[in-house]
Amino acid sequence: MTEKEFKMAIVGFGGMGNWHRELIESIEHLQVKGVYDIEEERAQFAESLGLKAYDSFDAVLEDAEIDLILCATPNDVHKEVVIRALNAGKNVVCEKPATMHSADFEEMMAAQKTSRLFVHQNRRWDEDYLTVREILKQNILGPVFKIESRVHGSRGIPGDWRGTVEHGGGMVLDWGVHILDQALQMFDGKVKKVYATITNVTNELVDDGFTAQLFFEDGPVYTLEVGTSNFISLPRWYVLGRDGSAVIRDWDLSGEVVRVTNWDKNDAVPIKTAAGLTKTMAPRTEDTIKTEKLPIVHSDIRDYYRNVMDTIEGKCEQIVKNEEVLRVLRLMEAIFDSVEKNQVVDFE
Ligand code: NAD
């Protein structure tokens, strides 16, 4: 753990900028000194909290006390803020998606000379995601052949910059970047092929939802879905293995694992439906399966910033590696490519 006291400035003090400020209040050795936002009202809000309101981005860069800059502007502004901050020798935490195109992110990575760039892929600390990883690690379900990861809302795409192309809107860039990052962290192998479709239910300009299938080499088929017109939500996670299934229904981590305990007893009573008979779809009897609790994993999101500070001090490795961020941006490009061609595309 660092001994140094880090001082941070927030550039873009909207909803997420303020979320970071609140979080940082409970992190030792890190303090928010001030903010820069183009909106006067946000500057006044910062001052009402006792923070310095810088009158330009240059003023932030010139403040020798600032060790770390958080970029929490809309997505199209990230590249410029990050490159200028790195050129000024400041360390940067950049909100996700790091930027809108992988080629831009390569330029951002290359601007690290005396300081470092970190991308805020905070959903690596999501407890539902960590619990799925734990299920795989403990091999609870036997060989896993299918994973479905979904986030469903019913409010349409937000009416702010997220609904515009020029500011980097759309759900692939917004929520996709989180669940795609989780998918790539879940398995070591390459993603050989990708197939994706998008929806435009509440917005014609950008995607307001998407479904993507990733075909991992020697791994499962991984389905990802973001929806904003889902008045009935499907579970957050659905995982199928040879010997059992797991479901995590929601952010509250409700769900369970069901495993087969007796393969030999096969006395299925056929189900009679109005128009036919099925033995295949007859439910298993209770004495051949066991329902178990999820192996819940807890996390502390403050570890993100602890890792940032320790990495800057050379005390540990960066958890969210920039090469991993670049791979996710490239995967998003493959998704758009698949959508445009309406076909399966090669990825790695
Ligand atoms: P927001 O619209 O609430 O806030 C953006 C702020 O940036 C606004 O106050 C705006 O005035 C300001 N701004 C715009 N251009 C600027 C510029 N050139 N210089 C300084 N300030 C500028 O948006 P938000 O929801 O806070 O999203 C901000 C970023 O955070 C986005 O990149 C978004 O994808 C990301 N985000 C991440 C998470 C997460 O969980 N990691 C969650 C929400 C948003």
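**Charged pairs and the ligand**

Reply: Asp126 is buried, at 13% relative accessibility; buried means under 20% relative accessible area, exposed over 50%, and partly exposed in between (1.4 Å probe, protein chains only). This is a predicted model, in which local features need pLDDT of at least 70 and side-chain atom pairs count only at pLDDT 80 or more, while totals for chains, interfaces and linings use all residues. Residues are numbered from 1 along each chain as its sequence is written, and side-chain values use heavy atoms, with hydrogens and water left out.

Me: Which residue does Asp126 meet in a salt bridge?

Reply: Side chains of opposite charge can pair when their charged atoms come close. A salt bridge is a side-chain nitrogen of Lys or Arg within 4 Å of a carboxyl oxygen of Asp or Glu. Here the partner of Asp126 is Arg123, at 3.1 Å from N to O; Arg123 is partly exposed, with 23% relative accessible area.

Me: How far apart are the closest N and O atoms of Asp346 and Lys193?

Reply: They are 2.5 Å apart, in a salt bridge. Asp346 is exposed, at 58% relative accessible area, and Lys193 is partly exposed, at 37%. A network of salt bridges also links Lys96, Asp160, Arg162 and Asp174.

Me: How many residues surround the ligand?

Reply: A residue counts as near a molecule if one of its heavy atoms lies within 4 Å of it. Here 25 residues surround the ligand, with Asp37 and Lys96 among the closest. An N or O atom in the Asp37 side chain is 2.6 Å from an oxygen atom of the ligand.

Key. Polar contact = N/O pair within 3.5 Å; in protein donor to acceptor, adjacent residues only side chain to side chain.
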